Amino acid sequence: FPNLTSLDVPVTVRGISNDPVRVHVPALLEVARACPRIEQFTVHRHLSDEATASILSKAPENFFKRIRVLAFDFCTVSSRSLLAIVRDCIALESLDLHLASFEQGLFEEIAATHPSLKTLVLHDPDSKTLTDSVLQGGFANPIMAFSGLHNLSLTQCEGLSDVSLHNIAASPTRTTLIKLDLSWCFFDLTAVEDLLDACPNLIELIYHQYDFGGDDGASKEWEADWERIFARLGVLMKRRGGSFDGHLQ
């Protein structure tokens, strides 16, 4: 498939029955050599330091240099390995991280090597290790901060608080942000409104929330509260000529 542009791993090539959890390095390298146009690369489940070193040393010279969209999906990977790959992706425009755990210092390094990253997608439904202190390096540090971010997605990041929104509102990202997704997070409405006020070019806001589907009083109150929040955000986005999408689901 010489015209293949997107690759998800683990992969199986020529009947090699690889471990469904771990990357099969020989198969990946074979695909990398056979498909010189790959620009999107996704790693699922588990990537060891040993496998990462082997891939980086043996992959075709320009393989990672061509990658524009990089994703780690429900992935166990050390910051060392993740950053080694990110550093090699010099054309990177979009980074999607759904990690088993987020480590301190990760976003300082990413922002330092890719300050003009266009899209950052962060998803942390399980570990709650994506905290304000972990994330702040990408936004609160005036030297190593994302300065060209257009699309930011923070979904199911229950380890984050309003502090992260305040950091973003005070960062260079406030002038470049166009699309923001805060779905299934728990931020105070005032913090969200303050972030909107700080981002003059934001034209699309997404903020879905959990629907627990109960008939008891607490569930009805939850539903009513969020419907009021959705209505308020819809009005604010309409005033600025933008769009809002928010539902209980």
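The sulfur of C75 lies 14 Å from the closest cysteine sulfur, that of C89, which is too far for a bond. The sulfur of C35 likewise has its closest cysteine sulfur in C89, at 16 Å, again too far for a bond. A search of the whole structure accordingly finds zero disulfides, a disulfide being a pair of cysteine sulfur atoms within 2.5 Å. C75 is buried, with a relative accessible area of 0%, and C35 also counts as buried, at 4%. Here buried means under 20% relative accessible area, exposed over 50% and partly exposed in between, computed with a 1.4 Å probe on protein chains only.

This is a predicted model, in which local features need pLDDT of at least 70 and side-chain atom pairs count only at pLDDT 80 or more, while totals for chains, interfaces and linings use all residues. Residues are numbered from 1 along each chain as its sequence is written, and side-chain values use heavy atoms, with hydrogens and water left out.

The structure holds 11 aromatic pairs; rings of Phe, Tyr and Trp (its six-membered ring) pair if their centres lie within 6.5 Å, and planes under 30 degrees apart count as stacked, over 60 as edge-to-face and the rest as tilted. F41 and F63 form an edge-to-face pair, with 5.6 Å from centre to centre and 85° between the planes. Because F41 lies in strand β2 (residues 40–46) and F63 in the loop between α2 (49–58) and β3 (69–76), this pair ties together parts that are 22 residues apart in sequence. Helices (H or I, at least four residues) and strands (E, at least two) are DSSP runs, numbered from the N terminus. Both F41 and F63 are buried. The rings of F41 and F64 have their centres 5.7 Å apart and their planes at 80°, so this pair is edge-to-face. F64 is in the loop between α2 and β3, and its pairing with F41 of strand β2 therefore ties together parts 23 residues apart in sequence. F64 is buried, as is F41. Elsewhere, ring pairs link F186, Y207, Y210, W222, W226, F230 and F244 into a cluster.

F41 and F64 also belong to the lining of the largest cavity, together with V9, V23, L28, V43, L47, I55 and I85. A cavity is a set of points on a 1 Å grid over the protein atoms alone where a 1.4 Å probe fits but cannot get out, and lining residues have an atom within 4 Å of a point. The structure holds one cavity of 30 Å³ or more, and about 30 Å³ of space lies in the largest cavity. Its lining residues divide into nine nonpolar, no polar and no charged; Ala, Val, Leu, Ile, Met, Phe, Trp, Tyr, Cys and Pro count as nonpolar, Asp, Glu, Lys and Arg as charged, and the others, Gly among them, as polar.

In helix α4 (residues 106–113), the buried residues are L106, F107, E108, I110 and A111. Their cover includes α3 (79–88), β4 (94–99), β5 (119–123) and α5 (132–135).

Two backbone angles deserve mention. Most residues other than glycine have a negative phi. R45, although not a glycine, has a positive phi of about 70°; R45 lies in strand β2 and counts as partly exposed at 39% relative accessibility. F74, in strand β3, is not a glycine either and has a positive phi of about 45°. F74 is partly exposed, with a relative accessible area of 43%.

Note on methods. 1 Å grid on protein atoms, 1.4 Å probe; cavity = no way out; pocket = protein on both sides within 12 Å on 5 of 7 lines; lining within 4 Å. Points joined across faces, edges and corners; volume = space filled by probe spheres on them. Contact = heavy atoms within 4.5 Å.
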